[in-house]
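Good morning, and thank you for coming. Please look at the structure on the screen while I speak.

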Amino acid sequence: RLQGDWSSDVCSSDLSAKLRLLPQQLTSLKMTNLSPAQTGLHAETTRCLECGVYRSAAVMGWNLAFDYIRQWAFDKHLPAFNGKLVSGYITKSKQPRYDAITDYADFLKADAPGERTVLDTCNSARIIVGNVYDDLKGYLRQRNQYAHPSGKEPTGIQVNAYIEHLIDNVLGKPFN
């Protein structure tokens with residue numbers, strides 16, 4: 001925190017139960033469990049909130065939700081996703097801007113589609129539509145406000161709410 005006050009207005013016992021219990025919730029709903037990378041993101045998001053590092057917690061919470069969504073699209077909708085990714089982004093020389101994703105690690109390459117492109121591709125492929133798509137775009141914008149110098153410094157309550165909304169999206173349709 002910039003003001004030198006590192007005291008937390010959310011103590012660890014006040015940490016969002018939805019965040020703390022997300023791995024168990026996914027298991028009980030028979031949804032895809034967190035990957036090892038997502039487990040690390042979950043732990044880091046939790047630690048950031050517990051330590052009062054709210055800006056970082058919001059960024060890590062988005063990273064957790066986005067990686068889960070991206071993995072879900074890869075596992076369940078790859079042909080539709082690739083169809084729109086390759087045909088929907090064409091260079092001036094009429095070549096696809098992106099190669100088809102064949103391995104999940106392709107999402108992590110330097111020339112891979114960014115977060116907004118992934119969301120837009122899922123929308124155009126009818127994988128993520130309507131309010132869920134609109135909400136996710138809004139959460140990405142909110143993450144960007146927190147992540148970049150904006151004068152907007154979130155509180156623990158705001159970040160807990162932000163992360164709970166992300167979790168509600170991940171636990172709801174179409175992901176469940």
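I shall go through the core, the packing of the helices, and a few points of the backbone.

This is a predicted model, in which local features need pLDDT of at least 70 and side-chain atom pairs count only at pLDDT 80 or more, while totals for chains, interfaces and linings use all residues. Residues are numbered from 1 along each chain as its sequence is written, and side-chain values use heavy atoms, with hydrogens and water left out.

Let me begin with the core. A nonpolar core is a set of buried Ala, Val, Leu, Ile, Met, Phe, Trp, Tyr and Cys residues joined through side-chain atoms within 4.5 Å. Buried means under 20% relative accessible area, exposed means over 50%, and partly exposed is in between, with a 1.4 Å probe and protein chains only. The largest nonpolar core has 49 residues, and those with the most contacts inside it are Leu49, Trp62, Phe81, Ile128, Leu136 and Phe175. At least two residues of this core come from each of helix 2 (22-28), helix 3 (36-51), helix 4 (54-88), helix 5 (115-124), helix 6 (130-147) and helix 7 (156-171). Helices here are DSSP runs (H or I, at least four residues), numbered from the N terminus. Which helix gives the most to this core? Helix 4 does, with 16 residues.

Leu136 deserves a moment. Contact means heavy atoms within 4.5 Å. Apart from residues up to four places away in sequence, Leu136 touches Trp62, Ile69, Leu119, Ile128, Asn169 and Phe175.

Next, the packing of helix pairs. Axes are lines fitted to C-alpha atoms, for helices over the stretch in contact, and angles run from 0 to 180 degrees between N-to-C directions. For helix 3 and helix 4, the axes come within 8 Å and cross at roughly 160 degrees. Helix 3 passes helix 4 in a left-handed crossing, meaning that the near helix is turned anticlockwise from the far one by less than a right angle. The contact of helix 3 with helix 4 divides into 8 nonpolar, 7 polar and 2 charged residues. In this classification Ala, Val, Leu, Ile, Met, Phe, Trp, Tyr, Cys and Pro are nonpolar, Asp, Glu, Lys and Arg are charged, and the others, Gly among them, are polar.

Helix 4 also meets helix 6. Their axes come within 9 Å and cross at roughly 145 degrees, and this crossing is left-handed. Among the residues in contact are Trp62 and Ile69 of helix 4 and Leu136 and Tyr139 of helix 6. By class, the contact of helix 4 with helix 6 has 9 nonpolar, 2 polar and 2 charged residues.

Helix 6 in turn packs with helix 7, at an angle of about 150 degrees and with axes 11 Å apart. Helix 6 and helix 7 are therefore roughly antiparallel, and helix 6 passes helix 7 in a left-handed crossing. This contact has 6 nonpolar, 4 polar and 2 charged residues.

Beyond its neighbours within four places in sequence, Asn169 is in contact with Val132, Asp135, Leu136, Tyr139 and Phe175. Asn131, by contrast, lies in helix 6 and is exposed, with a relative accessible area of 60%. The C-alpha atoms of Asn131 and Asn169 are separated by 10.0 Å, although the residues are 38 apart along the chain.

Helix 5 has its own buried residues: Thr117, Val118, Leu119, Thr121 and Cys122. These buried residues pack against helix 4 and helix 6.

Finally, the backbone. Most residues other than glycine have a negative phi, and most peptide bonds are trans. Lys30, in the loop between helix 2 and helix 3, has a positive phi near 60 degrees and is exposed at 76% relative accessibility. Arg126, in the loop between helix 5 and helix 6, has a positive phi of about 65 degrees and is exposed, with a relative accessible area of 62%. The peptide bond from Lys173 to Pro174 is cis, with omega near 5 degrees, and Pro174 lies in the segment after helix 7.

Thank you for your attention.

Key. Parallel < 35°, antiparallel > 145°, perpendicular 65-115°, else oblique.
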